[in-house]
Amino acid sequence: MHILVTGGTGFIGGALLPALASRGERVTVLTRQRRPMGQGQGQVAYVNALDDITDPVDAVINLAGASLAARRWTAAYKREIRSSRVDFTQQLVAWMASRQMPPKVLISGSAIGFYGASGDARFTESSGGASDFAATLCRDWEQAALAAQSDSTRVVLLRLGVVLDAGGGALTEMMRSFRFGVGSWLGSGSQWLSWIHRGDVVAAILAVLDNHVTGPFNLVAPTPVSHRAFCDALARRRRVLFKAGVPGVVMRTLLGEMAESLLLTGQWVVPERLHHELGFEFTFPSIDEALADILS
Ligand SMILES: NC(=O)c1ccc[n+]([C@@H]2O[C@H](COP(=O)([O-])OP(=O)(O)OC[C@H]3O[C@@H](n4cnc5c(N)ncnc54)[C@H](OP(=O)(O)O)[C@@H]3O)[C@@H](O)[C@H]2O)c1
């Protein structure tokens with residue numbers, strides 16, 4: 001199979017590309033980088049423009065997008081976050097439609113931010129979306145991808161939780177204070193963290209690639225934890241002198257709207273379709289198993 005991956009140079013791509021290559025897939029990565037790391041190694045080819053792809057593409061995995069956590073959400077940065085997902089996905093879908101042989105599947109990124117925050121709700125794929133910035137971003141990003149749905153092309157949406165692994169992503173940020181012996185959580189610590197090990201993200205992407213499914217899939221482990229319980233799980237694996245919460249007011253002052261949307265409020269999301277329609281078995285169903293693997 002010839003698979004086009006956008007955003008393949010990122011954190012998830014770092015685990016996905018080797019998994020695709022080891023199955024013998026031919027992979028092309030669309031990147032803005034002139035000399036991406038890994039170029040010239042193995043079966044992965046890199047292109048800077050869609051028009052550089054001449055051979056038929058069987059599947060597209062769309063992971064590109066400016067980081068939501070990298071910077072304060074100024075008006076300009078919000079535009080970049082949206083345009084790198086919504087506008088970019090519209091261009092990708094137009095390119096797919098223009099192909100003589102359109103790809104058979106588009107697997108496109110989204111996030112559990114679609115559902116908004118709640119302390120007690122349980123969100124499945126049939127729950128409705130919220131209306132804050134992150135939720136409308138996810139909704140519009142998904143709508144842009146769904147425009148590719150046709151008799152010949154199916155569309156799958158990956159509603160990703162917080163992806164955990166070594167070497168990047170959220171865990172690197174969450175562990176910063178642990179380096180100094182301080183276990184910390186943010187705000188009250190009672191907010192839910194719907195997380196997933198990066199290895200299970202890759203396995204779930206392969207599962208939706210191989211099975212004839214369409215629509216949204218929650219990519220989260222079956223056992224969300226509170227931020228405080230997450231801190232305790234980390235503290236069992238790292239020497240911690242004391243534990244403390246970082247007050248929400250400090251986070252809001254430092255990071256503004258992004259703190260409220262991504263860090264101080266949480267949600268309990270259920271991987272219902274992975275379980276019931278695909279019989280998906282998580283390699284890392286609990287936070288202790290995930291952290292044991294990542295921090296070993
Ligand atoms: N990791 C998580 O916990 C998580 C959770 C929920 C949703 N997601 C979503 O899943 C997708 C992949 O996640 P990831 O963690 O692998 O992301 P990542 O490490 O931030 O990588 C995303 C890739 O997108 C491209 N990109 C970055 N800024 C861009 C911009 N301004 N315009 C166009 N392209 C840009 C980059 O590729 P090039 O430099 O090669 O162009 C980058 O490697 C993202 O869209 C993210 O929002 C991730």
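Reader: Is Leu106 buried or exposed?

Author: The model before us is predicted. A residue counts as buried if 20 or more other C-beta atoms lie within 10 Å of its own. Leu106 has 26 other C-beta atoms within 10 Å and is therefore buried. Leu106 is found in strand S5, residues 105-111.

Reader: Which residues does Leu106 touch, not counting residues up to four places away in sequence?

Author: With those sequence neighbours set aside, Leu106 touches Val60, Asn62, Met96, Ala145, Ala148, Thr153 and Val155. As for distance, the C-alpha atoms of Leu106 and Val57 are separated by 11 Å, and these residues stand 49 residues apart along the chain.

Reader: In what order do the strands of the open sheet stand?

Author: Strands of a sheet pair through backbone hydrogen bonds, either parallel or antiparallel. Here 7 strands form an open sheet, in the order S3-S2-S1-S4-S5-S7-S12, and the pairing is parallel. Strand S3 (44-47) and strand S12 (215-219) are the edge strands, each pairing on one side only. From one strand to the next, the twist averages 20°.

Reader: How many bridges join strand S4 to S5?

Author: Strand S4 (residues 59-62) is joined to S5 by 4 bridges, and the two run parallel. Asn62 stands opposite Ser108 in S5.

Reader: How many bridges pair S1 with strand S2, and which residue is the bridge partner of Leu4?

Author: S1 and strand S2 (residues 26-30) pair over 5 bridges in the parallel sense. The bridge partner of Leu4 is Thr28, in S2. Strand S1 (residues 2-6) is mostly covered, for 4 of its 5 residues are buried.

Reader: Which strands does H1 lie across?

Author: H1 lies across S1, S2 and S3, and its direction is at about 175° to S1.

Reader: Where does Cys138 lie, and which residues does it touch beyond its sequence neighbours?

Author: Cys138 lies in helix H3. Not counting residues up to four places away in sequence, Cys138 touches Ser110, Ala111, Gly113 and Phe114. Cys138 is buried, because 26 other C-beta atoms lie within 10 Å. Cys138 and Val202 are 64 residues apart in sequence, and their C-alpha atoms are 20 Å apart in space.

Reader: At what angle do H1 and H5 pack?

Author: Helix H1 (residues 11-22) and helix H5 (residues 198-210) pack at about 50°, with their axes 9 Å apart. H1 and H5 are therefore oblique to each other. H1 passes H5 in a right-handed crossing.

Reader: Which residues of H1 and H5 meet?

Author: From H1 come Ile12, Ala15, Leu16 and Ala19, which meet Arg198, Gly199, Val201, Val202, Ile205 and Leu206 in H5. By class, this contact has 8 nonpolar, 1 polar and 1 charged residues.

Reader: How far apart are the axes of H6 and H10, and which residues meet?

Author: The axes of helix H6 (residues 227-235) and helix H10 (residues 287-295) are 10 Å apart, and the two helices pack at an angle of about 40°. H6 and H10 are therefore oblique to each other. H6 passes H10 in a right-handed crossing. Phe230, Ala233 and Leu234 in H6 meet Ile287, Asp288 and Leu291 in H10. The contact of H6 with H10 has 5 nonpolar residues, no polar residues and 1 charged residue.

Reader: At what angle do H7 and H8 pack?

Author: Helix H7 (residues 248-255) and helix H8 (residues 257-264) pack at about 130°, and their axes are 6 Å apart. H7 and H8 are therefore oblique to each other. Gly248, Met251, Arg252, Leu254 and Leu255 in H7 meet Met258, Ala259, Glu260, Leu263 and Leu264 in H8. The residues of this contact divide into 7 nonpolar, 1 polar and 2 charged.

Reader: Which residues of H8 are buried, and what covers them?

Author: Met258, Ala259, Ser261, Leu262, Leu263 and Leu264 are buried in H8. H8 is thus mostly covered, with 6 of its 8 residues buried. The elements that cover these buried residues include helix H3 (133-146), strand S9 (182-186) and H7.

Terms used. Residues numbered from 1 in each chain as written. Predicted model: local features only at pLDDT ≥ 70, side-chain atom pairs only at ≥ 80, totals over all residues. Axes fitted to C-alpha atoms, helices over the stretch in contact; angles between N-to-C directions. Parallel < 35°, antiparallel > 145°, perpendicular 65-115°, else oblique. Left-handed = near helix turned anticlockwise from the far one by under 90°. Contact = placed C-beta atoms within 7 Å. Nonpolar A, V, L, I, M, F, W, Y, C, P; charged D, E, K, R; others polar. Buried ≥ 20, exposed ≤ 12 C-beta atoms within 10 Å, placed from the backbone. Pairing = 2+ DSSP bridges.
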